[in-house]
Amino acid sequence: MASTAFPSLAKKVTLSDGTTYGYVGVAPALPDKPSFLLLHGYPSSCYDWRHQIESLSAAGFGVIAADLLGYGDTDSPTSELAYRMKVMSSHIAEILDKEDVSRCIAVSHDWGGGLLSRLISYIPNRLLGAVFISVGYVEPGLVWDIDAMLSLTKEAFGYETYGYWPWHNSDEAAKECDDRPRSVFSLIYPKDPADWKVNFAPLGAAQDYVRSGKVDALPSWYSQVEYTMRDSILSKGYAGPLNWYKAAMRGINLPDEEGFAEEDKSFDVPTLLVVSDLDYVTRADMQSQNTLKWSKRLRIEMLQNTGHWIPLERPKELHGLLQGFATEVA
C-alpha cells in the first residue's frame, strides 16, 4: 500500500473509467534519466519493490510503482471480469500519462509479468525496454490448460509446478487465505526455497498447508517489521488478488486476444529476463524457453542460490542489472 509504506511518495489517481489507483511516483533527477515502471506480483503490492524504489530513485531514475488492481490503495473489484489485461494495460498507460512519462523501462515480477506481456502487446511504443523477473513473457491468446500443465510438469520434474492453481480458482480459497494470513505468508515466502516442491507446487499441497494453519520461520531476507507492514497492506484480503488467477483460468482475456496473428505474438522490445536457480514453481528453464520463443532481443541473467523473490532476496544484484539495462536502452 503506497500510502502506508511510502507516505511521502504516495499518490492517488482516479482514471477515466472510474478506477482508483494508488502508486509511488518519483520524478527523474535529470531530463536524460529514464523512469522505471515497477509491476508487482501475487500476493504483493508496491511494497515488495521497496529496495528498488529506494535504490533507483537514489540513482536519479524516475520510479512509478503501482499497487495493481486488487491490492493496497488501488480498487479491488470483486468480479474476475474486471481483471482483463487489456483494461489494466490502459490503466497503466493513463498513469504514465498522469506522470508525464512518454516511455519507460517496465519491470515485472511474478504476475506482473503477465501484465507486462500485455503492455508489450497493446502499448509497445511506451516501452524503452522490458525486464521480466522470475516469470517471463506470456504470449497473447494463451489458453491456460492447467490439467495439461500439471501432467507435463509432473512428468518432466517429478512434481506439478502449478498444483496450487485449481485451489486459487475455487470459491473458498479467498476466505481460507483471509482466515489464516500467517500461513499464507509462510507458504509463499518460504525460509527454504525447496519447501515449494513439497508445500506449494504439488496438487493439493497449498490448500492443505493453509488449512492446517502451519507457520514456519521468516526467511532471512524478511524482517518482523517488514512482515508487520505487509500484513497491514494485505488487510483487504485475498479476493481481489486471486482474481488474477481466476481471470486467466476462466478465459476472461481470450476475446481480447483472439485476433493476434501468430507473427504478432513475437516482439522486438529490448528485453532482459532475470531468473534464479532455486525457483521451483516459475522455473528458470521453463520461463527462459518460452520467452526465447517470442522475444527478438533478449538477454537472460541467472542468479545463483536464489529463490523466487529476487527483488527481496538479491536487491543489490538486481539494481546492478537494472542500471546496466537502462544504460543499454535509454
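Reader: In strand 7, which residue is the bridge partner of Ile-133?

Author: In this predicted model, Val-274 of strand 7 is the bridge partner of Ile-133.

Reader: What makes strand 6 and strand 7 a pair?

Author: Two strands pair if at least two bridges are found between them. Strand 6 and strand 7 have four bridges, in the parallel sense, and therefore they meet that condition.

Reader: Why is Thr-271 called buried?

Author: A residue is buried when its relative accessible area is under 20%. The value for Thr-271 is 3%, so the word applies. Thr-271 belongs to strand 7, which covers residues 271-276.

Reader: With which residues is Thr-271 in contact, leaving aside its neighbours within four places in sequence?

Author: Among them are Ala-130, Phe-132, Ser-295 and Phe-325. Contact requires heavy atoms within 4.5 Å.

Reader: How do you know that the buried residues of helix 14 line one face of the helix?

Author: The buried residues of helix 14 (residues 284-294) are Ala-284, Gln-287, Ser-288, Thr-291 and Trp-294. Seen down the helix axis, they fall within an arc of 140°, so they line one face. These buried residues pack against strand 7 and strand 8 (298-303). The face turned away from them carries Gln-289, Leu-292 and Lys-293, which are exposed.

Reader: Why are strand 1 and strand 8 said to stand at the edges?

Author: Eight strands form an open sheet in the order 1-2-4-3-5-6-7-8, with mixed pairing. Strand 1 (10-14) and strand 8 each have a single partner strand, so one side of each is left without a neighbour in the sheet. On average, neighbouring strands of this sheet are turned by 20° against each other, direction ignored.

Reader: Why is the β-α-β crossover from strand 5 to strand 6 called right-handed?

Author: The chain crosses from strand 5 through helix 4 (residues 112-122) to strand 6. With the strands pointing away from the viewer, a right-handed path over the helix runs clockwise, and this crossover is right-handed.

Reader: What makes strand 6 mostly covered?

Author: Seven of its seven residues are buried.

Conventions: Residues numbered from 1 in each chain as written. Predicted model: local features only at pLDDT ≥ 70, side-chain atom pairs only at ≥ 80, totals over all residues. Heavy atoms only, no water. Helix = DSSP H or I, 4+ residues; strand = E, 2+ residues; numbered from the N terminus. Buried < 20%, exposed > 50% of the residue type's maximum accessible area, 1.4 Å probe, protein only. Arc of directions from axis to C-beta. Axes fitted to C-alpha atoms, helices over the stretch in contact; angles between N-to-C directions.
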